[in-house]
Amino acid sequence: MDPRTAAFEVIRMVNEYRVSQAISVAAMLGIADHIKDGKRSAVDLASLTGTHPRALYRLLRALAAAGLFHEAEDGQFSLTPLGGALRSDAEHSAAPWAAFVGRPYYRQAWSDLLYSIQSGRNAFRHAHGKGVWEYRAEHPEESAIFDLAMAANSRGVAAAILAAYDFSRFPVIMDVGGGQGALLAEILAANPGSRGILFDQPHVVAAAGRVMAEKGVAERCDIVGGDFLAALPAGADALLLKWILHDWDDETNISILKNCRKAMRADGKLLVFEAVLAPPNQGATAKFADLNMLVAPGGEERTAEEFRSLLAKGGFEVADIIEAGPRISVIEARPV
């Protein structure tokens, strides 16, 4: 690649934050839902969304140029297949994640990435004076947006996890830090012989009953509020940790794992669902997710060997690592 082309490509990559923020705004406004049944003008959409018509038109034409919408000769906008992922009713909706990523408090933490790189410390705490979980507990509107994003992402990987791993052998399955229960509901729906325990902070699981009812598994799932850093309900045959360990440092994770070890049956299994970092020069998605862990919650993504070492310190031995997709692997561990 010649230097001029290289410079152009780097500038293009740098400017991608503009696309990200524009998509986030479109998601927050529900643009895709407003045009899912047909074309609308920017003026009509501005009336529906309470926005400035000219400014909204400028947003829509930019996103049309990026391939999310289509602008007709008469100025009407419609959905493209790509933009269809922003519909709230899409099977794998990207709208909740897009809405979350654009929140000012979250962007502010990323603006402090240099601080994290210089110090090795958490950018979110530096920017806001408190950790991300404390912040969201104090800002329920932001917690709700984050919970919706996590639920949507869980639904997005649930099919891959179910295809990769057999849960039918477990009579009782507990999802530790399972949010509003999107993943556990899918697992229970696919395994009618199993019962579930959903465990997370009380304000997080408050809406989980609706999720379970929608999947028809409410009668087979106990919803328990608590703190996995303190103690867990006992008696599960399988404990699930999806995107939990990457949120925390090793010391905190060892405490979580030891609590899991105490709560599970002697012949039980611990199933960790995380991205496993690829060798050098590969796997950019997970490695940028690792930067997100540094910036926001203060944790990190890990290699297979790092997972083995961490789990051993928490009282577990890794039995298998099954790649379930580009974003997720199933790490099966047994207590020792």
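The model is predicted: local features need pLDDT of at least 70, side-chain atom pairs count only at pLDDT 80 or more, and totals for chains, interfaces and linings use all residues. Residues are numbered from 1 along each chain as its sequence is written, and side-chain values use heavy atoms, with hydrogens and water left out. Helices (H or I, at least four residues) and strands (E, at least two) are DSSP runs, numbered from the N terminus.

**Helix H16**
- Helix H16 has 12 residues (284-295), and its end C-alpha atoms are 17 Å apart.
- Ala286, Asn292, Met293 and Val295 of H16 are buried (under 20% relative accessible area, with exposed being over 50% and partly exposed in between; 1.4 Å probe, protein chains only). They cover an arc of only 160° around the axis, so they lie on the same side of H16; the arc is that of the directions from the helix axis to the C-beta atoms.
- The cover over these buried residues includes helix H7 (104-111), helix H8 (113-119) and helix H9 (123-128).

**Sheet S1-S3-S2**
- Three strands form an open sheet in the order S1-S3-S2, with antiparallel pairing. Strand S1 (40-41) and strand S2 (69-71) are at the edges, each with a single partner strand, so one side of each has no neighbour in the sheet.
- S1 pairs with strand S3 (residues 76-79) in the antiparallel sense over two bridges; two strands pair if DSSP finds at least two bridges between them. Serine 41 stands opposite glutamine 76 in S3.

**UniProt domain**
- An unreviewed UniProt entry lists residues 13-85 as "domain: O-methyltransferase dimerisation". UniProt positions are given in the numbering used here, feature names are shortened, and annotations may be inferred rather than shown by experiment.
- Residues 13-85 are 56% helix and 12% strand, with end C-alpha atoms 22 Å apart.

**Cysteines**
- The disulfide count is zero, a disulfide being a pair of cysteine sulfur atoms within 2.5 Å.
- The sulfur of cysteine 221 is 16 Å from the closest cysteine sulfur, in cysteine 260, too far for a bond.
- Cysteine 221 is buried, with a relative accessible area of 8%. Cysteine 260 is buried, at 0%.

**Asparagine 191**
- Asparagine 191 is in the loop between helix H12 (182-190) and strand S5 (195-200), and is buried at a relative accessible area of 9%.
- Leaving aside neighbours within four places in sequence, asparagine 191 is in contact with Leu162, Phe167, Ser168 and Arg220; contact means heavy atoms within 4.5 Å.

Methods:
The expected span of a helix is 1.5 Å times one less than its number of residues.
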